[in-house]
Amino acid sequence: MLDIREVLETNEMIEKENLDVRTITLGISLLDCIDSDLDKLNENIYNKITTLAENLVSTGKDIEKEFGIPIVNKRISVTPIALIGAAACKTPDDFVTIAKTLDDAAKKVGINFIGGYSALVSKGMTKADENLIRSIPKALSVTDMVCSSVNLGSTKTGLDMDAIRLMGEMVHEAAYLTKENDSIGCAKLVVFCNAPDDNPFMAGAFHGVTEADAIINVGVSGPGVVKKALETIHGEDFEVLCETIKKTAFKITRVGQLVAKEASERLGIPFGIIDLSLAPTPAVGDSIADIFEEMGLERAGAPGTTAALAMLNDQVKKGGVMASSYVGGLSGAFIPVSEDQGMIRAVNDGALTIEKLEAMTCVCSVGLDMIAIPGDTPATTISGIIADEMAIGMVNQKTTAVRIIPVIGKDVGDTVEFGGLLGYAPVMKVNSFGCADFINRKGRIPAPIHSFKN
Amino acid sequence: MKKTIITVVGKDSVGIIAKVCTYLAENQVNILDISQTITGGYFNMMMITDISGSSKKFDELSDELDGIGEEIGVVIKLQREEIFVKMHRI
């Protein structure tokens with residue numbers, strides 16, 4: 001029989017420590033929508049999404065009510081649109097019509113985001129891939145809910161430097177086209193190395209071609225719960241620290257597993273994976289950086305931060321894996337700057353730089369996330385930042401990502417307001433030495449050797 | 001059986017349990033277990049209940065209990081048992 005303390009502990013996590021299920025993401029394959037006629041293609045896409053996802057939001061709300069756990073977002077991910085639109089789209093503007101269709105379908109079913117306006121170009125771009133990539137800035141500026149991602153490299157294929165160069169320009173253009181709103185277009189655009197097929201988190205969610213027709217993936221949250229648990233063992237040794245994180249991660253993930261199974265049953269769609277990520281929000285107390293401070297670092301970014309993050313990430317996985325029957329997606333601690341009060345404080349206090357963030361991404365998911373930089377940063381420098389991050393993923397056989405926002409008209413010292421879950425961010429300094437001659441070389445960086453590890 | 005957990009949290013006062021139990025009796029909700037503690041002047045009560053005999057839906061029961069809570073100045077929540085069992089039992 002349940003104990004009153006257990007019941008109160010769970011409710012305290014929900015009410016005071018921001019425990020929530022971050023997202024139920026319905027992955028939908030659009031492969032059977034493909035048609036060489038653009039109008040027909042758009043019609044097929046709209047119909048499939050609005051039919052399959054008709055009850056997604058209401059089911060999510062029912063589960064929220066019955067279990068008393070907030071489910072912050074209901075989302076959809078679709079097959080990368082570069083593949084779906086390849087037969088029908090001859091120009092970037094043709095692709096933009098699909099973005100609008102996705103946006104309309106998202107609004108019709110009432111979800112928060114739709115991801116999959118994507119291209120997978122880790123080794124090379126088809127004409128359709130390139131057209132889609134060139135359409136991204138416009139697509140993001142004329143839609144509200146569409147998220148876009150591009151996979152630019154992998155451990156097996158190396159890095160597509162032509163695509164990396166192009167994406168530097170596209171990030172800049174997306175910033176320019178949404179400059180009236182603090183370049184928010186870039187907050188909906190992420191580039192990857194080793195992108196997972198089943199990630200439920202935005203902006204990088206897409207439904208990989210290896211997936212079933214439709215699938216339910218769930219992302220959990222809960223940095224506030226971990227921080228609170230660590231407060232109770234203040235000053236204890238690493239063994240106690242690790243055990244506490246593991247146990248807490250187990251509890252958080254079990255809630256995600258319950259919600260995922262329940263949603264899957266009610267919607268009649270198979271359960272895919274739980275993403276074990278610790279995802280912060282701008283809410284006070286829901287911060288990864290606060291966990292570091294509780295561990296004993298004065299600020300996130302202080303020496304020791306990478307070690308603390310490596311440990312945190314590993315313990316979350318160890319606890320979470322046992323709590324869920326299938327784990328996938330990104331699974332690790334997120335370190336977005338704008339979505340985490342403690343990270344913002346660390347930047348403002350001068351403790352955290354882009355270079356330190358880059359080092360931290362070597363040991364966690366996902367990458368340089370929600371970082372505002374000066375609007376006059378050259379596109380080649382953005383490509384350089386992307387290439388560095390992709391190289392970390394390629395060599396270390398892990399997913400890495402870049403979601404960076406060159407805020408047009410703003411400079412170091414300014415603050416940018418994105419609103420909602422995206423939060424606000426101080427504009428961070430970027431190394432001003434150029435890399436144009438390196439980025440402007442054509443071709444690819446070959447796949448790394450998988451032996452002689454050092 | 002449809003096991004649910006009712007929690008009542010708030011400032012202690014006379015008649016909280018009576019009020020909640022009367023409502024449950026009127027709506028054929030069976031109480032399987034009750035426990036309570038008072039910490040820092042705050043009243044915490046948990047009931048394990050079975051709502052399968054009630055003619056009202058989960059939603060209605062939940063909203064009406066919410067209303068009673070507001071009336072007597074406490075927070076009453078109705079939740080399905082699984083969230084607690086999954087979290088605290090392997």
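Trainee: In helix 11 of chain A, which residues are buried?

Mentor: In this predicted model, a residue counts as buried if 20 or more other C-beta atoms lie within 10 Å of its own. In helix 11 of chain A, the buried residues are A:Thr305, A:Ala308, A:Leu309, A:Leu312, A:Asn313, A:Gln315, A:Val316, A:Lys317, A:Gly319, A:Gly320 and A:Ala323.

Trainee: Against which elements do the buried residues of helix 11 of chain A pack?

Mentor: Helix 11 of chain A covers residues 305–323 and reaches 27 Å from its first C-alpha to its last. Its buried residues pack against these elements of chain A: helix 9 (238–267), helix 10 (288–295), strand 9 (327–328) and helix 13 (354–360).

Trainee: How are helix 2 of chain A and helix 5 of chain A oriented to each other, roughly parallel or roughly antiparallel?

Mentor: The axes of helix 2 (residues 38–52) and helix 5 (residues 92–109) of chain A come within 9 Å and cross at roughly 25°. The crossing is right-handed. Angles under 35 degrees count as roughly parallel. Helix 2 and helix 5 of chain A are therefore roughly parallel.

Trainee: Which element gives the most to the side of chain A that touches chain B?

Mentor: In this contact, 17 residues of chain A meet 21 residues of chain B. The elements of chain A that give two or more residues to that side are helix 1 (4–16), helix 3 (56–67) and helix 9. With six residues, the element that gives the most is helix 1 of chain A.

Note on methods:
Residues are numbered from 1 along each chain as its sequence is written. Chains are lettered from A and ligands numbered from 1 in the order in which they are written. This is a predicted model: local features need pLDDT of at least 70, side-chain atom pairs count only at pLDDT 80 or more; totals for chains, interfaces and linings use all residues. Axes are lines fitted to C-alpha atoms, for helices over the stretch in contact, and angles run from 0 to 180 degrees between N-to-C directions. Helices (H or I, at least four residues) and strands (E, at least two) are DSSP runs, numbered from the N terminus. Angles under 35 degrees count as roughly parallel, over 145 as roughly antiparallel, 65 to 115 as roughly perpendicular and the rest as oblique. A crossing is left-handed if the near helix is turned anticlockwise from the far one by less than a right angle, and right-handed if clockwise. The expected span of a helix is 1.5 Å times one less than its number of residues. A residue is buried if 20 or more other C-beta atoms lie within 10 Å of its own, exposed if 12 or fewer, and partly exposed in between; C-beta atoms are placed from the backbone. Two residues are in contact if their C-beta atoms, placed from the backbone, lie within 7 Å.
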